[in-house]
Amino acid sequence: MSRISLEEQSYELIKAHILDPDSSPLSLLQQQQMDRIVSAAKILDKNPNPRNASNLLLAKFPEISYSTAYRVVRMAMRLFNTIHTFDYDFWHTWLINDIVSNIEKCKIDGSPGARKTIAIEHANLLKAIGEKPTDFEDPKRLEKQSFYILIQNNTNTVKVDVDNLHKLPEATIKEINRIVFTGKEITEADAEEIFKT
């Protein structure tokens with residue numbers, strides 16, 4: 001006699017086990033597996049990293065192997081979708097395909113109500129896809145720009161390039177940190193010392 005896996009069990013049997021675990025219709029092996037999956041889902045809610053969740057599940061159930069723990073975590077991620085595992089790309093693709101399918105069905109129908117539905121679905125499609133961007137963002141934009149820290153004393157302003165900040169002498173960096181983070185006003189002599197370095 002072949003054993004039926006937990007994934008092949010009917011929804012009603014699993015629901016009956018969850019609602020009343022004491023009189024569960026599942027076999028003992030399936031009950032243990034279901035308990036591990038529910039525990040893995042609870043762990044994933046607090047710790048969505050599958051590797052860490054597998055380690056925590058292994059600590060809770062030391063009788064299982066690491067590969068079994070990882071397999072249980074993957075199953076829990078499939079069965080108990082949360083914000084951490086929700087596949088937005090799949091959902092977005094499904095939504096667009098569904099809207100296009102509705103438009104095609106309405107075109108075949110051709111009735112005035114169908115034409116109105118087509119207009120509504122076109123508006124929904126535009127919302128789902130979004131407007132065409134007027135200008136694509138350059139991914140290397142930050143590399144092309146220079147960033148400066150402005151140090152100002154009365155009317156004198158010095159621009160320090162952030163990329164060259166590490167090239168400043170250590171004494172100058174310590175003096176700038178002392179002045180900036182202590183919040184004290186600097187004297188004319190302190191400012192001249194900074195500018196000289």
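**Note on the predicted model**

1. The protein chain exposes about 15300 Å², and carbon and sulfur atoms supply 56% of it. Accessible areas come from the Shrake-Rupley method with a 1.4 Å probe. This is a predicted model: local features need pLDDT of at least 70, side-chain atom pairs count only at pLDDT 80 or more, and totals for chains, interfaces and linings use all residues. Residues are numbered from 1 along each chain as its sequence is written, and side-chain values use heavy atoms, without hydrogens and water.

2. Of the 197 residues in the protein chain, 24% count as buried (under 20% relative accessible area, 1.4 Å probe, protein chains only).

3. The protein chain has nine helices and two strands. These are DSSP runs: H or I of at least four residues for helices, E of at least two for strands. Along the sequence the pattern reads α-α-α-α-α-α-α-β-β-α-α.

4. The axes of α3 (residues 50-60) and α4 (residues 66-79) come within 9 Å and cross at roughly 120 degrees. Axes are lines fitted to C-alpha atoms, over the stretch in contact for helices, and angles run from 0 to 180 degrees between N-to-C directions.

5. Which residues of α3 and α4 make the contact? From α3 come Pro50, Arg51, Ala53, Ser54, Asn55, Leu57 and Leu58. From α4 come Tyr66, Ala69, Tyr70, Val72, Val73, Arg74 and Met77. Contact means heavy atoms within 4.5 Å.

Key
Buried < 20%, exposed > 50% of the residue type's maximum accessible area, 1.4 Å probe, protein only.
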